[in-house]
Amino acid sequence: MKIELKPIKPKRISDQVFEQLRELIFRGELKPGEQIMPERELADALGVSRTSVRDAIRKLVVMGFLEQKQGQGTFVRGSDAIRKSPLAVAMENQDASLTDLLEVRMGLETNAAALAALRADEKDIHFLEKSLTELEDQVRKGELGNEADVSFHMAITYATKNPVQIYLMKTFFDFLFIGIKENLRYLYEEPTNIDQIFAQHMTIIDAIKNRDPEGAFAAMKTHITFVMDFFKRLNGEE
């Protein structure tokens, strides 16, 4: 039997630009509402043609990560506006609850925290601490801080250095955002929860910085269990 093989094509420059910009959005380095550099400056910084940058931006606009405002420039869209992934749509169609989402996060994120404790570098630690600082600042101003909270959990995922773990969480990103936003909206109705959430996040960071995978696993489990128990009480399940 003759097998037909197709020539391997090198990855296009525009796809590499797309992936790099999308990573910055996932990591929270490019924030919702923030204007990105003009095409010419991006092309110079990346060492590529303006055509490659333009193609990448067009793709990010189509996917809902960026929006172009006439006469103003190109801006990062809020996570609420990003087109939902097939996974998120499928879960919504199944009437998935916040508890269902937290059960999935329990498996993914406890493992991620443990791996991060083994593999996180200084840049990863910086992203974690920066996200927590931003979360505290936003909450003290009366905001939910959901963008910063998502960035915190995504930073842990990137620190695993595991491409499969990262892929799963990137696919899960928009549903994760929706879930965290709803979690915080209810949790912060009880002011005492705020300090506990901050303390739990700090315990996770400390375990990762101390290269303690078991401690990081336990700290993330404690955090997610705390949120799950809160919603069980809220829904009268206890």
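## Basis and confidence

Residues are numbered from 1 along each chain as its sequence is written.

The mean pLDDT (the predictor's confidence in each residue, from 0 to 100) of the protein chain is 83, and 83% of the residues score at least 70. Confidence is highest in helix α10 (residues 192–209), at a mean of 93, and lowest in helix α4 (residues 86–93), at 53. Where pLDDT is low, the predicted coordinates should not be read in detail.

## Helix α11

Helices are DSSP runs of H or I with at least four residues, numbered from the N terminus. Helix α11 (residues 213–234) has 22 residues and spans 32 Å from first to last C-alpha, close to the 32 Å expected (1.5 Å times one less than its number of residues). Its buried residues (under 20% relative accessible area, with a 1.4 Å probe and protein chains only) include Met 220, His 223, Phe 226 and Phe 230.

## Ser 151

Ser 151, in helix α7 (residues 146–159), counts as buried because its relative accessibility is 8%. Beyond its neighbours within four places in sequence, Ser 151 is in contact with Arg 27, Gly 28 and Ser 131, where contact means heavy atoms within 4.5 Å. Phe 173 lies 22 residues from Ser 151 in sequence and 10.0 Å away in space, C-alpha to C-alpha.

Notes: This is a predicted model: local features need pLDDT of at least 70, side-chain atom pairs count only at pLDDT 80 or more; totals for chains, interfaces and linings use all residues. Side-chain values use heavy atoms; hydrogens and water are left out. Helices (H or I, at least four residues) and strands (E, at least two) are DSSP runs, numbered from the N terminus. Buried means under 20% relative accessible area, exposed over 50%, partly exposed in between (1.4 Å probe, protein chains only).
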